[in-house]
Amino acid sequence: MKYLIKTFSLICILNLAASCNKFIDTKPEDYLTSANYYKTEAQLKYALNSIYSALAHYTLYGREMMRMGLDGEDGYYNVVTTFDGVKVYVVPSVDPDVANFWATCYQGIYRANLLLENIDKPESITQKNRDAIKGEALFLRSYFYFLLVSNFGGVPYVTVPTQQINVSRTSAEQIYKEIIADMEEAEGLVLTAKEVGFGGRISKSAVRGILARVNLFRAGYPVYDAAGYTEARKWAKEVIDDTEAAHALNPNFAQVFINYSADQYDIKESIWEIEFWGNNRGTFKEGGQIGAYNGIRYTAADPSYGYSTGIVNATGVLWEKYDSPNSLTSRDLRRDWTIAPFSVSGNPAIEQNRPIGEIYQRNCGKYRRKYEVVTPKDNQYTPINFPVLRYADILLMFAEAENEVNGPTADAYEAINLVRRRGFGKLLPGATDVEEFDLGGLDQLQFRTELQNERARELSFEYLRKGDLVRWNLFSTKMGEALTHAQNASLPAGYSHAVRYFRNVSPRDIVWPIPAYELGVNRALIQNTGW
């Protein structure tokens, strides 16, 4: 059974307090305010859960992030009737998904600021528990800012639960400094991965891993602070060298994603995951829509298989990054799990292999509903958790940073080749010739290129690719290559919108526009260039 996030909306608390009319002379005693809350450890924990809950909201990881172009050149939004919006890179400043993304991030920040402001109120709590709650809140606030700065550039930066309206944008460079400072403080406060025991809660390993990620962004476009590579290397190595946590790759790549569907934790591989629970029935509802939207398309009536609209498809450029692109079988076992090799139809559901020519027709295959154990299966809501940080990513971040700092050293090769070995089944019991697909003999530039491709092979459809392309300053180049590939693919009419999807991309799309509503209410804001 997953850790059940019981949401406690502090936004609603404050709204209740603000709605009390001044002419009422009777002091109300039957509602909560920040003044009479946060008095017990349990209340601090409920407040902390409300911050986690913002991440699971449908406007973020719960649904919309899967169709906001974050897959870069790896995938496209496979809905022919949608002609505008962030889903297809036609982004107006009034786009509702962009506006909701912004609003939910700031709601999470506001909740974190409320908790941090009141963290010292309870008396009956151990210092270790107080520190852990404070550390998680600090980290989560910073993570919301990371989502904002990596998608909008500089944004208003506030660390108190203020109602102030006119707040100007803080530079991206300064926000990264603030994020890193708070995450480093959080790293000294939160519990270890062994103490936490599951991936749904922030641990030291999660903080260290995300610090590596943030520092890689800091090192890349547009900040270009090269010190970020040294820091990213340090924090990734902290995770790798942690003998107590003993993080390790699951030998079976497919099992990593089966676990997300089947309510199984693997803290060694899955260091941080966004938790969802149940099937939208009962009192507590924390179901997401992972798999129901970005799964393998199945719209027939077999309830044991799991309904999915299959709106996220792979591209030819992703397919060709894997071994044996001209074959229906690949020695890289990740390909046919990441990119579904079959279609599904009928009742009962039948899987039928796709011919080699049907590349753009293939759905994202990582989030397979048939492995869910919660029944009955809902058509929209699933209990599938979403991976935010896996150990494979730690190894690849270390390899990237090590290459940038010291060149392609033995340590860099060891990290990237461990990921490759798992991909080619060389960590499975009985595997032979385990070094068969290892990389070697590359210069720094060649290693960088292979690392960039390896991140796509391993991490595609985990909402990381666009951010990677932007920080590498390759966004326009790679999206252009995807357009050329789609144009040359002779796609059937039902899938030719893949061409339109990539044709819509322009250089301004490295960031989203500041939502028009925010510009209207906050006169200190300035719109991003080109919007």
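Colleague: What makes the crossing in which α13 passes α14 left-handed?

Modeller: The near helix is turned anticlockwise from the far one by less than a right angle, which is what left-handed requires, clockwise being right-handed, and α13 passes α14 in this left-handed sense. This is a predicted model, in which local features need pLDDT of at least 70 and side-chain atom pairs count only at pLDDT 80 or more, while totals for chains, interfaces and linings use all residues. Residues are numbered from 1 along each chain as its sequence is written, and side-chain values use heavy atoms, with hydrogens and water left out.

Colleague: At what angle do helix α13 and α14 pack, and which residues make the contact?

Modeller: Helix α13 (residues 410-423) packs against α14 at an angle of about 35°, their axes being 11 Å apart; axes are fitted to C-alpha atoms over the stretch in contact, and angles run from 0 to 180 degrees between N-to-C directions. The helices themselves are DSSP runs of H or I with at least four residues, strands being runs of E with at least two. Contact (heavy atoms within 4.5 Å) joins residues including Tyr413, Ile416 and Arg420 of α13 to others including Phe447, Leu451 and Glu454 of α14. By class, this contact of α13 with α14 has 6 nonpolar, no polar and 6 charged residues, where Asp, Glu, Lys and Arg count as charged, Ala, Val, Leu, Ile, Met, Phe, Trp, Tyr, Cys and Pro as nonpolar, and the others as polar.

Colleague: Why are α3 and α4 called roughly antiparallel to each other?

Modeller: The axes of helix α3 (residues 96-117) and helix α4 (residues 127-152) cross at roughly 155° and come within 9 Å. Angles over 145 degrees count as roughly antiparallel, those under 35 as roughly parallel, 65 to 115 as roughly perpendicular and the rest as oblique, and therefore α3 and α4 are roughly antiparallel. The crossing of α3 past α4 is left-handed, and among the residues that meet are Trp102 and Ile109 in α3 and Leu138 and Phe144 in α4. The residues of this contact divide into 17 nonpolar, 4 polar and 2 charged.

Colleague: What makes α4 roughly antiparallel to α5?

Modeller: The axes of α4 and helix α5 (residues 172-187) come within 8 Å and cross at roughly 160°, which makes α4 roughly antiparallel to α5. This crossing is left-handed as well. In α4, Leu138, Phe146 and Val149 are among the residues that meet α5, where the partners include Ile175, Ile179 and Met183; the contact of α4 with α5 has 12 nonpolar, 3 polar and 4 charged residues.

Colleague: How many cavities of 30 Å³ or more are found, and which residues are closest to the centre of the largest?

Modeller: The search of the whole structure finds 6, and about 280 Å³ of space lies in the largest cavity. On a 1 Å grid over the protein atoms alone, a cavity is a set of points where a 1.4 Å probe fits but cannot get out, with lining residues having an atom within 4 Å of a point. Of its 23 lining residues, Ser150, Phe217, Tyr463, Leu464 and Gly467 are the closest to the centre, and α4, α7 (204-219) and α15 (465-471) each supply at least two residues of the lining. That lining divides into 14 nonpolar, 3 polar and 6 charged residues.

Colleague: Where is Pro348, and what is omega at the bond that joins Asn347 and Pro348?

Modeller: Pro348 is in the loop between β4 (342-345) and β5 (350-353), and the peptide bond from Asn347 is cis, with omega about 10°.

Definitions and conventions
On a 1 Å grid over the protein atoms alone, a cavity is a set of points where a 1.4 Å probe fits but cannot get out, and a pocket is an open set with protein on both sides within 12 Å along at least five of seven lines; lining residues have an atom within 4 Å of a point. Grid points are joined across faces, edges and corners, and a volume is the space filled by probe spheres set on the points.
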